[in-house]
Amino acid sequence: MGRVEDEWLWGWDLTPGIVSVWAVPDGRAFVWRRLPGTRALQRDDVRFRPWLLLASLGDLEHLGARLRPDSEGEAPGRVTWQELDGEGALRFVVRAADGSALAAAVLQGASRRLGRRIGRLRDLGPAAALELPPEEQYLVASGRTYFRELEFDDLRRMQIDLETTGLDPAHHRIFLIALRHPDGRVEILEARGDDDAAEAALVGALCDRVRAADPDVIENHNLHGFDLPFLARRAQALGVPLVLGRAGAPGLRRRPAARGARLPGDEADPMRRARYTVPGRELIDSMDAVRRYDFAARDLPGHGLKAVARHFGLADAAREQVAGARIWQTWTSDPERVRRYAAADVEEAAALARLLGGAAFGLARMAPRRYERLADAGSATGVLDPLLVRAYLRAGAALPAHAPGDGTSHSGAALHLFASGVAHRVVKADVASLYPSLMREYRIGPARDRLGVMLALVDRLVEQRLAAKARARAATPGSPERHADEALSAAMKIVVNSAYGYLGAVGLTRFADVHAANEVTRRGREVLALLCKELAGRGVTLLEADTDGVYFAVPDHFDESDERRVIAEVAALLPSRVQLEFDGRYAAMLSHEPKNYALKPHHGPLLLRGVAFRSSRAEPFGERFLRSALGELLRGDIAGVQRVYIETVTALRRRAVATADVTSRVRLTKTPAEYLAARANRRELAYEAAIQSGLSAWSVGDRIHVYRGSGGRACRLARDDDDGGDDDVSRDRRADPTRDYDVDYYVRLLRDTFAARLQRALTPETFAAVFADPEQPSLFASSLATARPILTVLLDPLREPPPDERGATAGDPSAPSF
DNA sequence: TTGTCGCGGGG
DNA sequence: GTGTACGCGACAA
């Protein structure tokens with residue numbers, strides 16, 4: 001590929017070491033760089049010429065002779081223009097020494113033309129004007145990007161974590177701040193007292209430490225969602241300045257951000273959200289990296305710091321744990337414990353930010369935006385679009401503006417359930433990056449992208465992703481390097497896949513093209529149908545196919561090489577860029593409903609997928625029953641399923657199940673006042689339980705554990721991990737002597753909710769026999785030793801090829817079984 | 001039951 | 001900046 005395409009992806013100015021950029025509309029840009037070799041920090045104060053794109057020069061005609069073509073050169077007070085080539089609404093670049101004056105001139109002309117006051121360029125609409133933030137104007141025009149010739153570990157990174165008396169900065173205070181310095185040293189700052197002066201001194205100490213350590217990057221988990229807004233509110237309330245930046249006026253500044261925190265005190269527009277920014281440093285929230293990672297990987301138990309750190313093996317086994325709701329209280333009785341807890345938080349945040357931060361770091365070397373913006377950007381409008389804009393301007397080509405669709409609706413992917421019930425010897429095959437591969441194979445790009453930039457970018461990004469995957473495979477399993485390459489690969493996959501989402505986002509993205517998007521999904525359905533048909537023709541039993549992958553069962557005489565051979569044979573029939581891959585093999589699978597199944601690997605624990613098998617509020621006894629019963633079922637031991645069921649029923653009846661195991665964790669979404677107002681009409685278990693337990697005040701969003709007591713009473717169990725008030729704190733650490741739950745209710749729940757998930761795997765007679773009441777044995781009980789799970793074929797891929805249309809084709813569940 | 005909306009997190 | 005493209009629970013209809 002040529003040099004021009006390289007510039008589209010990477011920019012063209014090779015200035016190394018940029019770690020932060022701050023630009024202001026008057027044409028000054030401050031560029032902080034770490035110099036190659038020494039890594040010493042240097043600030044370059046440079047000038048750039050602010051610019052914006054317009055559909056017409058009409059609104060600037062009032063400038064008269066001060067409006068000149070670029071070719072006549074710059075002069076004080078002069079606005080210059082350049083006309084871009086080709087089709088495209090945004091066809092004039094206008095430039096001036098001062099961006100504010102430039103925008104004001106356009107607004108003045110537009111107000112005069114429209115006969116009403118226009119206050120912001122945005123109000124002219126995206127087809128009339130495009131103005132980027134000053135830093136992005138600078139980066140787009142200069143062709144520079146962050147981090148050239150730097151490694152992630154060359155950054156000076158500091159982590160800060162606040163400990164507060166509660167979640168609401170209007171009522172609660174900061175009492176401790178944990179800092180992890182760039183050299184790895186952890187420092188704990190504490191308020192000396194519980195008054196304004198002590199808290200103000202603590203905030204001041206934080207600013208002193210940050211300025212002294214002078215980090216390029218400040219990180220924490222949920223930094224933008226909690227620490228920064230809390231800090232800003234407290235500093236405002238206390239009247240202390242927040243001098244955290246490297247230059248300019250003190251104070252955090254807000255920037256609008258779709259994924260930021262809701263603005264406090266701005267209930268007028270609940271959609272308005274903000275993040276914080278500061279000159280010279282990048283504010284990075286590791287939760288953004290976690291979300292981005294999990295979007296592709298989908299293997300995290302949650303996105304909280306502790307859960308993620310544990311998942312990645314970053315947490316010390318002896319890590320201090322304190323439930324959020326108990327931190328302030330613990331501080332008053334055992335401060336050393338809170339110090340250890342806060343220190344562990346910054347250590348884990350640092351490790352996590354390093355582990356998953358590679359993706360955004362990599363993006364910042366390509367796209368003309370600040371690192372902190374790329375860390376939280378959406379990939380379509382946040383990464384791809386800036387790359388496209390830069391490429392068009394580099395080529396001197398006019399840019400299309402957002403256009404409404406022509407009414408064509410967007411068609412989706414294929415989803416087929418071929419069989420339900422239990423299958424053995426199950427194989428999963430899938431196409432790597434199906435949609436981008438189809439775009440590349442058939443050269444499907446936006447009709448208005450006449451330079452072919454998107455396809456060139458997708459080609460590049462796919463190649464880079466394959467390289468990252470190869471590096472990950474070559475690295476030691478479980479090593480940080482491997483994790484980093486996997487995260488980078490996952491992020492590139494998101495960006496590459498966003499090319500398809502970008503196509504389909506009619507009216508929202510500049511080059512949207514629903515016809516191209518539909519062509520991609522049509523080709524995708526075609527590929528899936530072809531590979532299903534070809535697999536079925538080779539003697540395997542199809543189970544489920546979804547978008548780009550298929551589960552199937554192979555005959556008893558197949559070994560793994562046969563499985564791989566069949567996949568390779570079918571892969572050879574597909575277009576060259578569409579690569580069908582072996583994705584896994586399993587001893588057995590319960591196919592329940594589309595996207596709902598249980599897999600038994602040859603080694604290791606069961607994998608459960610879909611709402612039917614994973615529900616956050618499922619009672620633990622039911623989850624445990626379901627896991628054990630599925631284990632027995634997938635081993636083919638139906639008598640074993642019955643045994644597990646009888647054990648569970650018996651344990652409930654003997655009250656051998658702990659109360660905690662029949663509770664579900666629920667969120668309280670109404671305020672006490674709201675619930676009390678509606679209570680006469682409808683009583684709800686969770687709130688009744690809260691009230692009955694003596695919890696009279698709770699906050700919306702609090703989670704508590706509730707269960708149904710004998711006689712249908714609503715009961716609450718106070719536990720360490722709930723948010724209930726500070727009452728009855730220690731109840732759960734005592735024994736559980738009462739076990740006053742409603743046995744009949746939980747037996748019914750076991751049968752109707754949990755056992756029902758196994759229905760597809762058994763004949764109606766067997767199901768009735770297995771889940772008969774153990775105290776009233778069924779007539780069929782004796783036959784269970786020889787009973788086998790069943791598989792019901794719903795759709796024959798050879799005789800009735802899947803219809804080429806959107807949505808599930810689940811077939812007729814009452815079809816005959818064998 | 002089915003559609004729509006909002007959340008995920010932090011102390 | 002007003003789009004995440006998910007998965008799930010709460011709530012209204």
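Guide: Helices (H or I, at least four residues) and strands (E, at least two) are DSSP runs, numbered from the N terminus. This is a predicted model, in which local features need pLDDT of at least 70 and side-chain atom pairs count only at pLDDT 80 or more, while totals for chains, interfaces and linings use all residues. Residues are numbered from 1 along each chain as its sequence is written, chains are lettered from A and ligands numbered from 1 in the order in which they are written, and side-chain values use heavy atoms, with hydrogens and water left out.

Helix α22 spans residues 743-754 and contains V747. V747 has a relative accessible area of 8% and is therefore buried (under 20%; exposed is over 50%, partly exposed in between, with a 1.4 Å probe and protein chains only). Leaving aside residues up to four places away in sequence, V747 touches V649, L652 and R653 (heavy atoms within 4.5 Å). T650 is 97 residues away from V747 along the chain, yet their C-alpha atoms are separated by 9.3 Å.

β21 pairs with strand β20 (residues 580-593) in the antiparallel sense over six bridges; pairing requires at least two bridges found by DSSP. Within this pair, Y597 of β21 stands opposite S591. Two residues separate the strands of this hairpin, and K595 in the turn has a positive phi of about 65 degrees. β21 also runs antiparallel to strand β22 (residues 607-609), joined by three bridges. There, Y597 has R609 as its bridge partner. The hairpin of β21 and β22 has five residues between the strands, and G604 takes a positive phi near 95 degrees.
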